[in-house]
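Please walk through this protein model with the structure open beside the text.

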Amino acid sequence: MRPVQQGIKILYYANKSEEPFVEIVTVKQQNKRRPSVCSSADSESDDLLPVLIDHSQILNEHHLEQLMNHIPARTQGYSWKLVYSTAQHGTSLTTLYRQMRELDRPVLMVIKDTDNQVFGAFSSDPFKVSSYCYGTGETFLYSFSPEFQIFRWSGENSYFVRGFLDSLQMGGGGGPFGLWLDSDLYRGSSYSCSTFCNRPLSLHHDFTVRDLEVWTFV
């Protein structure tokens with residue numbers, strides 16, 4: 001007997017009142033994750049990297065390995081889809097909000113500044129203009145400058161995210177923001193804040209954006 005082709009499933013049906021028959025079904029292959037470059041067939045699932053549906057100007061394998069182990073469990077195992085990119089959509093906070101208008105799932109912001117530092121934030125909610133702060137304790141800030149660090153919710157306050165037409169703010173508490181971006185997504189700043197008890201995410205408090213991307217999980 002010849003072996004069954006990969007992706008093909010054979011189902012056998014038998015019923016007392018009917019003649020038995022065989023149905024051949026093509027099985028759609030799941031491809032939510034791909035093995036890392038260094039992993040083997042026997043590697044544990046932790047060695048698997050998420051599949052990027054779109055090309056990233058910023059993320060490399062090292063970034064993915066670190067981030068995938070710290071995003072909430074409900075987002076792990078899914079492919080990453082690019083929702084917004086300054087390289088593709090231009091430098092506009094308004095456009096960023098527009099790209100997420102129909103989105104109802106968490107997002108990951110990735111920034112590379114002109115000092116080639118990579119940092120950003122995970123938001124439990126897509127970015128939007130709002131008259132109030134939104135988000136949950138899943139929201140966090142992170143930085144690869146110089147080594148990977150993650151800054152989770154401190155429980156001090158709930159100033160996770162607030163979007164204005166002229167700026168996007170993450171973290172706060174009576175002082176500077178953990179992450180702040182202007183309306184052109186060109187200038188930003190990062191200070192220690194009560195929400196995340198973070199250190200500044202880049203080398204300097206004030207930075208200039210080189211590339212910015214926002215990803216979601218599908």
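C193 is buried, because its relative accessibility is 5%, where buried means under 20% relative accessible area, exposed over 50% and partly exposed in between (1.4 Å probe, protein chains only). The model is predicted: local features need pLDDT of at least 70, side-chain atom pairs count only at pLDDT 80 or more, and totals for chains, interfaces and linings use all residues. Residues are numbered from 1 along each chain as its sequence is written, and side-chain values use heavy atoms, with hydrogens and water left out.

A disulfide is a covalent bond between the sulfur atoms of two cysteines. Here it is counted as a pair of cysteine sulfur atoms within 2.5 Å, and by this rule the count is zero. C193 takes part in no disulfide; the nearest cysteine sulfur belongs to C197, 7.5 Å away. C197 is exposed, at 54% relative accessibility. Another cysteine, C133, is partly exposed at 33%.

C197 also has a backbone feature to look at. Most residues other than glycine have a negative phi, and most peptide bonds are trans. C197 is not a glycine, yet its phi is positive, about 50°. This residue sits in the loop between β13 and β14 (206-217); helices (H or I, at least four residues) and strands (E, at least two) are DSSP runs, numbered from the N terminus. L185, likewise not a glycine, has a positive phi near 50°. L185 belongs to the loop between β12 (179-182) and β13 (187-189). Is L185 buried or exposed? With a relative accessibility of 1%, L185 counts as buried.

D184 is found in the loop between β12 and β13 as well. D184 is partly exposed, with a relative accessible area of 42%. Leaving out neighbours within four places in sequence, D184 is in contact (heavy atoms within 4.5 Å) with T91 and S92. Its C-alpha atom is separated by 8.5 Å from that of S167, 17 residues apart along the chain.

A cis peptide bond is found between S145 and P146, with omega about -5°. P146 lies in the loop between β8 (140-143) and β9 (149-151).

Next comes S85, in strand β5. S85 is buried, with a relative accessible area of 2%. Its side chain reaches the backbone nitrogen of A87 at 3.1 Å. That is a polar contact, defined as a pair of N or O atoms within 3.5 Å; within protein, one must be able to donate a hydrogen and the other to accept it, and residues adjacent in sequence count only if both atoms are side-chain atoms. Residues up to four places away in sequence aside, S85 touches G90, L212 and E213.

Side chains of opposite charge can pair when their charged atoms come close. How many salt bridges does a search of the whole structure find? The search finds one, taking a salt bridge as a side-chain nitrogen of Lys or Arg within 4 Å of a carboxyl oxygen of Asp or Glu. E138 forms a salt bridge with R74, and the closest N and O atoms are 2.7 Å apart. The pair links distant parts of the chain, 64 residues apart: E138 is in the loop between β7 (118-123) and β8, and R74 in the loop between α1 (61-68) and β5 (80-85). E138 is partly exposed, at 25% relative accessible area, and R74 is partly exposed, at 48%.

A pair of aromatic rings is described by the distance of the centres and the angle of the planes. Rings of Phe, Tyr and Trp (its six-membered ring) pair if their centres lie within 6.5 Å; planes under 30 degrees apart count as stacked, over 60 as edge-to-face and the rest as tilted. The structure holds eight such pairs. F122 and F140 have ring centres 5.3 Å apart and planes at 10°, so this pair is stacked. Because F122 lies in strand β7 and F140 in strand β8, the pair ties together parts 18 residues apart in sequence. Both F122 and F140 are buried. The rings of W153 and F160 are edge-to-face, because their planes are at 65°, with centres 5.4 Å apart. W153 is partly exposed at 37% relative accessibility, whereas F160 is buried at 4%. Ring pairs also link W80, F122, F140, Y142, F144, F148 and F217 into a cluster.
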